[in-house]
Protein chains: 2
Amino acid sequence: MEKRVVGVLGAGQLGRMFVEAASRLNVTVRLLDVGDTAPAKQINYAPSTSSKGQSEHIDGSFADPAKIKELASKVDILTIEIEHVDATQLQSVLDQGLVDGVHPLPSTIALIQDKYAQKKHLSEKGLPVAEYMAVGPEDLSSLKDAETNSKDQALGVSKAAEAFGLPLMLKSRTQAYDGKGNFVVRSQQDTQQAIQALGGGSRGLYAEKWAKFVKEVAVMVVRSSSGEVRAYPAVETVHKDSICHTVFAPLRVADAGVERRAREIAEEAVATFGGAGVFGVELFLMADGQLLINEIAPRPHNSGHYTIEACETSQYENHLRAVLGLPLGSTALKVPSAAMINILGLADSDKDGEAVAKTLAPAVASLSVPGATAHLYGKAGCRKGRKMGHITIVGQSDAQVRQRLETVERALDQATELATKGGALPASLTAEGVVASSSSVSSPSAPSSSATPKSAADFSHPQPLVGIIMGSDSDLPVMLPAAEILKKFNVPFELSIVSAHRTPDRMREYARNAPARGLRAIIAGAGGAAHLPGMVAAQTALPVIGVPVKGSVLDGVDSLHSIVQMPRGIPVASVAINNSTNAALLAIRILGSADPSYLEAMQKYMDEMENEVMGKVDRLGELGWDYVLKK
Amino acid sequence: MEKRVVGVLGAGQLGRMFVEAASRLNVTVRLLDVGDTAPAKQINYAPSTSSKGQSEHIDGSFADPAKIKELASKVDILTIEIEHVDATQLQSVLDQGLVDGVHPLPSTIALIQDKYAQKKHLSEKGLPVAEYMAVGPEDLSSLKDAETNSKDQALGVSKAAEAFGLPLMLKSRTQAYDGKGNFVVRSQQDTQQAIQALGGGSRGLYAEKWAKFVKEVAVMVVRSSSGEVRAYPAVETVHKDSICHTVFAPLRVADAGVERRAREIAEEAVATFGGAGVFGVELFLMADGQLLINEIAPRPHNSGHYTIEACETSQYENHLRAVLGLPLGSTALKVPSAAMINILGLADSDKDGEAVAKTLAPAVASLSVPGATAHLYGKAGCRKGRKMGHITIVGQSDAQVRQRLETVERALDQATELATKGGALPASLTAEGVVASSSSVSSPSAPSSSATPKSAADFSHPQPLVGIIMGSDSDLPVMLPAAEILKKFNVPFELSIVSAHRTPDRMREYARNAPARGLRAIIAGAGGAAHLPGMVAAQTALPVIGVPVKGSVLDGVDSLHSIVQMPRGIPVASVAINNSTNAALLAIRILGSADPSYLEAMQKYMDEMENEVMGKVDRLGELGWDYVLKK
């Protein structure tokens with residue numbers, strides 16, 4: 001739809017997914033990277049109109065000023081898929097009017113390239129970052145010879161250790177990614193080794209106070225050139241060996257405010273930059289609920305791959321829209337839950353392509369997993385740790401997504417083991433093997449695929465959809481049938497004691513955090529002055545089902561009236577006295593209201609119930625009206 | 001992941017979306033179509049390794065036997081994106097062992113090419129089709145000169161008119177698509193004109209009894225080479241001028257069994273064919289609930305475009321998996337609701353590309369619509385009615401999807417008007433105009449974006465999520481606050497009279513069909529021997545909320561006990577006597593359990609309620625404890 005041509009520095013996997021989005025909107029893209037079979041170039045046929053056999057893409061390095069200029073001469077707008085580019089040259093082609101725009105701004109790219117400058121910028125804007133200080137000269141242009149710098153830096157490390165304590169994180173200011181350029185200084189004795197590992201005095205360094213985080217969080221934010229910012233949902237990222245391994249969307253934490261705060265901080269941070277495009281904001285969630293920005297990438301990011309399958313607009317299409325000045329797309333999740341797992345090179349390339357085949361084998365296993373989509377980047381060569389592809393998994397609940405992910409993770413583990421020990425691919429990692437075994441894979445619509453706890457006791461599922469609570473363990477005999485029904489339907493649930501009168505704070509916390517933890521309904525049982533269901537309903541927006549428990553006096557009518565006669569504004573769904581079975585069935589109907597697999601399971605349950613009674617009808621016909629007496 | 005190369009006959013939009021799926025799995029595709037910039041070729045760079053500047057794709061017609069053979073020599077598996085290919089040559093390259101497989105089987109393609117043979121095959125297999133008969137000789141090889149055939153055909157039409165009555169549908173047996181090759185014979189006088197329009201005696205014809213359908217339905221089915229079939233959800237297709245205009249997924253009909261039956265018939269039909277791949281089954285839904293197969297396409301289909309954004313595996317990836325013998329992917333919807341609308345060429349191409357620009361302008365308007373994804377096919381030339389692109393819209397409910405679709409439909413109407421009357425593109429159809437007005441587009445998470453009825457009265461939304469029912473209009477005063485709350489939250493709902501005791505059949509029908517109609521919760525009010533909520537709950541798997549209505553005696557306790565004391569197995573969610581406000585709030589909490597926008601809206605409502613009471617606290621502090629008396 002756009003006649004303007006977009007040029008991209010870099011044609012790796014991020015460029016490839018960007019090209020995919022651009023093709024769908026008929027936007028012409030020209031790419032700068034080495035070779036003519038870089039991942040993004042493979043899916044973008046760009047024949048030269050003037051010279052037969054030539055491509056309009058540029059063959060060269062995205063760090064080469066001449067090549068950047070050559071690309072600029074062919075396009076209207078420049079953007080990047082990697083920040084390790086020549087920002088000075090980008091500024092120069094912009095100043096010379098060779099292009100209408102560079103997004104993000106070259107000055108933003110330069111700022112982000114220097115991680116110390118980035119930190120300083122953010123903290124000056126009032127954004128939360130871990131404590132940090134320059135190690136050696138703050139101004140990179142005052143760097144001297146490596147030996148002098150090394151001495152300065154050693155002094156700096158010791159100052160930092162004094163200020164922040166040990167361990168501390170020593171980081172290279174530039175050329176750092178995927179954990180490269182970081183060194184953990186655990187004692188002063190590590191100093192020389194650390195400086196040596198980080199360029200031996202040839203590069204600028206800085207130190208950061210050790211952030212003992214409980215989770216790593218990431219937020220993708222798209223920024224229009226007019227300054228509008230839209231955050232995607234906050235996600236949890238799990239790193240292994242400093243490389244992104246898994247991403248879970250949305251972020252689940254006990255504190256309901258964290259997700260919102262993460263998005264707000266990310267939007268505020270991205271609003272401080274000029275230019276348009278997508279930015280990836282990585283944060284640390286500390287034990288006290290504080291969020292610290294770790295670093296920002298000025299481009300689509302690994303932690304945003306999931307948006308292709310899981311959000312209303314992918315990060316790639318939103319990046320395209322932003323750099324072209326088109327309206328930004330919705331960043332909302334369109335599915336209830338998603339995960340992403342990277343496929344990393346298992347070994348360096350060999351002649352016969354075995355390393356690539358072994359690396360990509362887990363993608364074959366993913367074909368039998370409902371909701372899984374494999375993205376392979378078309379990289380011909382492999383090296384250990386190289387990003388070769390990823391798999392996104394979507395589902396109706398966190399529990400379902402985690403269960404689906406297990407198959408893929410098992411395949412990844414198997415492939416890793418294989419790469420270490422050697423040997424041929426086992427059947428489970430070949431297409432034939434997967435075909436042979438795929439008949440045993442449970443149907444995507446069966447409720448059994450939604451759940452079954454992994455390791456924890458079955459009344460304490462790590463990703464519960466329903467919570468059963470009661471004021472005291474004396475209510476357990478009445479409430480257990482609810483647990484049994486949920487188990488029968490494979491609903492992930494948790495069961496616990498929460499007392500309105502004896503643990504009001506716990507009740508408040510439980511109710512307020514329930515939605516952020518992924519719960520979709522709460523069943524609360526209570527007897528006598530049965531306040532629990534109503535007081536929980538007063539502190540959560542989720543549906544609360546109340547089970548009146550019959551006490552030793554008043555036949556349960558006291559509990560029933562306490563639970564059902566709620567004031568206007570705060571509803572409780574009451575079921576019959578002592579009938580926790582129906583409470584669980586109602587919770588499943590609530591789940592089934594939006595998830596067809598539970599709706600189907602409930603219909604099946606009702607059909608079976610009808611058949612059972614019809615069986616009794618037949619028996620009565622056969623044995624006579626008094627068969628019960630005859631038994 | 002697959003080393004086998006797939007060849008495709010045709011490189012239009014279907015081939016393009018197929019290539020997209022293949023690239024993600026690193027599967028090499030070679031395409032046969034005219035030119036080197038056909039839509040699918042644009043996104044598949046295939047440089048020849050032997051001859052510089054050459055592409056490995058084939059430049060030529062997919063109906064040309066020599067070109068088919070040339071393609072076959074380069075690939076391992078052949079498939080098609082269009083059925084008007086040379087099936088004999090496909091059989092021949094298979095017989096010669098030039099490829100490992102052709103999918104679907106050439107014999108299946110040949111069978112489907114002849115629509116009369118297709119009908120005969122289906123009816124012989126016991127599948128439901130409209131009555132039909134050959135017009136002229138049944139065996140196409142007995143066709144003679146055009147004049148003789150015409151005479152035979154005129155005789156045949158008159159026989160058909162006798163058997164089926166008028167009007168009847170006269171159809172060309174071959175080379176028919178998008179309504180081309182059909183002629184409605186309304187009276188015997190139309191016969192000559194009809195035969196003339198359908199080849200003037202040069203082609204075989206057949207007649208079909210007029211199918212007075214109430215809806216057109218389509219089901220995509222993927223078939224593995226081992227015969228496993230998996231249907232996608234049944235969808236409603238809306239045709240304009242015999243060309244697919246809009247698709248709605250899933251199909252909504254009052255009869256809960258139709259959707260399932262459509263899938264079953266489609267799976268049965270596809271199971272009768274050999275070979276692997278995706279098939280599009282088009283059906284007519286008749287007034288009596290009967291389903292008739294209209295025709296079958298042996299390939300991905302326009303009515304399955306929506307699967308890219310809305311299903312766990314797209315029809316294109318499943319087609320790829322099927323032809324390669326890989327495990328089939330899940331066909332389940334991953335979003336609650338979706339729609340697809342085609343962008344058709346508005347005029348024949350002009351020199352300055354105005355026709356293309358005007359045709360594609362509605363895609364620009366779609367950028368401001370949350371949940372919309374535009375797919376433009378990269379066709380340089382335009383002609384009236386040519387498929388140039390499509391827009392898919394996903395959302396949390398049918399109501400939300402229809403509302404989002406309205407903006408796109410308005411833009412399409414505007415563009416059509418413009419093409420007829422001439423003139424420049426209005427601001428609403430240009431990127432600049434959309435940017436300028438996009439700030440007024442409501443946030444995707446606001447509940448207001450989910451609803452607001454279109455034309456019907458607000459208590460009878462055409463795509464309701466909540467149904468309010470009561471036994472008599474005397475219950476209206478008690479039940480109206482529920483309607484007001486739903487309106488306040490912009491929940492699409494319907495309100496009606498359903499009496500358990502006076503209209504038991506209506507109640508049964510209402511309850512059983514509620515899920516198929518898209519309802520997610522039912523609020524039922526009843527007084528006295530209040531059976532309605534429980535009897536509805538006994539006949540639907542949805543959550544049912546009961547409102548006990550206070551009668552003139554017993555203070556409503558009779559209704560409360562009738563509603564709440566349900567037997568084990570069938571739950572009703574009871575609220576307080578006469579408290580329909582809470583019933584509606586509970587229904588919204590049920591919606592919010594899966595749809596974050598309603599959860600947020602409920603939290604906001606609760607926060608406002610708290611603020612309101614805090615205001616009263618302040619007032620009491622200012623005015624004294626007896627301010628109420630002083631008023």
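Strand β7 (residues 168-172) of chain A pairs with strand β9 (residues 205-209) of chain A in the antiparallel sense, over five bridges. Pairing here needs at least two DSSP bridges between the strands, and helices (H or I, at least four residues) and strands (E, at least two) are DSSP runs numbered from the N terminus. Leu170(A), for one, has Ala207(A) in β9(A) as its bridge partner.

A word on the ground rules: this is a predicted model, where local features need pLDDT of at least 70, side-chain atom pairs count only at pLDDT 80 or more, and totals for chains, interfaces and linings use all residues. Residues are numbered from 1 along each chain as its sequence is written, chains are lettered from A and ligands numbered from 1 in the order in which they are written, and side-chain values use heavy atoms, with hydrogens and water left out.

**The sheet in chain A**

That pair belongs to an open, antiparallel sheet of four strands, ordered β6-β9-β7-β8 in chain A. β6 (132-135) and β8 (182-185) of chain A are the edge strands with a single partner each, so one side of each has no neighbour in the sheet. Neighbouring strands are turned by 25° against each other on average, direction ignored.

The angles run from 0 to 180 degrees between N-to-C directions of lines fitted to C-alpha atoms, for helices over the stretch in contact.

| Helix | Strands touched | Angle to β6(A) |
|---|---|---|
| α6(A), residues 115-124 | β6, β7, β8 and β9 of chain A | about 145° |

**A helix in chain B**

Helix α9 (residues 257-271) of chain B has 15 residues and reaches 21 Å from first C-alpha to last, close to the expected 21 Å; that expectation is 1.5 Å times one less than the number of residues. Its buried residues (under 20% relative accessible area, 1.4 Å probe, protein chains only) include Val258(B), Ala262(B), Ile265(B) and Ala269(B). Among the elements covering the buried residues of α9(B) are α6 (115-124) and β14 (277-286) of chain B.

**How the two chains meet**

A rotation of 180° with 0.0 Å of shift along its axis puts chain B on chain A at RMSD 0.1 Å, using least squares on C-alpha atoms of residues with pLDDT of at least 70 in both. The copies are therefore related as by a two-fold rotation axis. In chain B, the C-alpha nearest that axis belongs to Gly53(B), 1.5 Å away.

The contact takes 94 residues from chain B and 95 residues from chain A. About 8,000 Å² is buried between them, 56% of it from carbon and sulfur atoms; this is the accessible area (1.4 Å probe) lost on putting the two parts together, summed over both. On the chain B side, Arg24(B), Tyr45(B) and Leu367(B) lose the most area to chain A, together 11% of what that side buries.

Technical notes: Contact = heavy atoms within 4.5 Å. Buried < 20%, exposed > 50% of the residue type's maximum accessible area, 1.4 Å probe, protein only.
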